[in-house]
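Trainee: Please show me the model, and then let us go through it by question and answer.

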Amino acid sequence: MMLRALTITASALLVVGLLTAIPAGNAQAQESAAAQAAPKKKERKASGTLSEGTYRQLERIHDLIGKNKNAEALEKSQALLERVGNDYERAVVRQTMAFIYVSQNNYKAAIAAFEEALKLDALPQQPYEQMLYNVAQLYFQDGQTDRAIQSMERYFAEATTEPPADAHILLASAYADRKRFADALPQVDKALAKVKEPKESWLQLKLALHYELKQFPQCAEVLLRLVSLVPAKEDYWKQLSSILFEIQKDRESLAVLALADRQGFLDTEGELRNLANIYLLLNIPYKAAQILERGLEQKILKADEKTLQLLGDAWTMAREYDKAEAALKRAAAISDSGEIYYRLGQIYIEDERWKDALEVLPKAQAKGIKKMGDAAYLEGVAAFQAGNRKRAVEALRKAQGYDESRNNATQWLNHIAQIEEAEAQAAIAAAEAKADKAEGGSAKN
């Protein structure tokens, strides 16, 4: 994202090159104009001038370059280099040769030519500064990052005109390439301060640096700028939500994610599930359930056990019990275990829906659950309340076979036995009363 976004084009360098391939008088006039706005540093002066003949030859060479006749231009430049009479002319010819090498994507040769021109120490300040910058760009493009850093640091130290924003970005990218993130960040900030509207790639670099430095609040600030700059790029919305969640700004995270969803940016299973989970985390279950329902309808979410159970949980928390029950029934039917059936059984017991409980609790036991004894115990209770004592006794005796339910099952069996004993005693008493009444009636007769 940040390290190799800078490229060198031959046409850009050639424009710069034409600034030096002019008579010394014009070069000095431009140098003087630039110096008026420059910081007070010692400026270099040209060590000579271009002769009329050299100037004409350079004009022809640049004309060949413009026509993409680089091989011929290079040949004439090499021939001219042998004839020039002073270091200033040699530096200008070396610089021209460097531009030709760049056009041929021969970065190493271009670097060597630029370095030879710099060694001559004959160019005036503006071309000299630009050459330092060009060399740094080429080093970086050629993968020689340490040399690029050295050249850029030298450029910043010696520049008498304000460096462009791109120069700061180049140095920041080189620092970042060497994992010098703390050094890179101020350079990006300087670049951003020099422009009215930031480039997206620069903000991406700043984001990456903050992230590497684990400065997550600053990451959020940069992502806000990126969202504002490129609102149609959905990744920035998602990243912003994730960062806000990371720094425990849950409601802000949800707000961003909800806005992204409203714009149609959330279209994967993970994204919708994440949004639903955040709604649940913030105790907004109704919205979570709506998100899940929509995902199922659009077939973004699979109607699997995990999703349906989450949907059931959301509807339960929202107190939409009929919808929760429907979702849990679907989940239970496709589950390999009986846990969801068991949970439904518990819900039905709490609502005193005994017949519904008697339907799902045997299914829970048939598929298998962790607390088989508890399921049998609940089945016994539901059967008793539904008036089926025989089934109740059978289920409760089964529950006695498990440690977790033995005591409760025994108590219920004792309770049933007491009821049956009381009923038997009541029946005997009623029969005796009936017999006494019948005997009394006979005696009167």
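Mentor: Asp121 has a relative accessibility of 45%, so Asp121 counts as partly exposed; buried means under 20% relative accessible area, exposed over 50%, and partly exposed in between, with a 1.4 Å probe and protein chains only. This is a predicted model, in which local features need pLDDT of at least 70, side-chain atom pairs count only at pLDDT 80 or more, and totals for chains, interfaces and linings use all residues. Residues are numbered from 1 along each chain as its sequence is written, and side-chain values use heavy atoms, with hydrogens and water left out.

Trainee: Where is Asp121 found?

Mentor: Phi of Asp121 is near 50°, a positive value in a residue other than glycine. Helices here are DSSP runs (H or I, at least four residues), as are strands (E, at least two), numbered from the N terminus. Asp121 is in the loop between helix 6 (107-119) and helix 7 (125-141).

Trainee: Is Asn68 buried or exposed?

Mentor: Asn68 sits in the loop between helix 3 and helix 4 (70-81). Its phi is positive, about 65°, although Asn68 is not a glycine. Its relative accessibility is 59%, so Asn68 counts as exposed.

Trainee: How many helices and strands does the protein chain have?

Mentor: Buried residues make up 45% of the 445 residues in the protein chain. The chain has 23 helices and 0 strands.

Trainee: How is helix 3 oriented to helix 5?

Mentor: Axes are lines fitted to C-alpha atoms, for helices over the stretch in contact, and angles run from 0 to 180 degrees between N-to-C directions. Helix 3 (residues 52-66) and helix 5 (residues 87-103) pack at an angle of about 5°, with axes 11 Å apart. Angles under 35 degrees count as roughly parallel, over 145 as roughly antiparallel, 65 to 115 as roughly perpendicular and the rest as oblique. Helix 3 is therefore, relative to helix 5, roughly parallel.

Trainee: Which residues of helix 5 make the contact with helix 3?

Mentor: Contact means heavy atoms within 4.5 Å. On the helix 3 side, the contact is made by Thr54, Leu58, Ile61, His62 and Ile65. On the helix 5 side, the residues are Glu89, Val92, Val93, Thr96 and Ile100.

Trainee: Which residues does Arg273 contact, leaving aside its neighbours within four places in sequence?

Mentor: Arg273 belongs to helix 15 (residues 269-281). Its relative accessible area is 11%, so Arg273 is buried. Leaving aside those neighbours, Arg273 is in contact with Leu301, Lys306, Thr307 and Leu310.

Trainee: How are helix 15 and helix 17 oriented to each other?

Mentor: The axes of helix 15 and helix 17 (residues 305-317) come within 11 Å and cross at roughly 30°. Helix 15 and helix 17 are therefore, to each other, roughly parallel.

Trainee: How far apart in space are Ala376 and Gly401, C-alpha to C-alpha?

Mentor: Ala376 lies in helix 21 (residues 372-385), and its relative accessibility is 0%, so Ala376 counts as buried. Ala376 and Gly401 are 25 residues apart in sequence. In space, their C-alpha to C-alpha distance is 9.8 Å.
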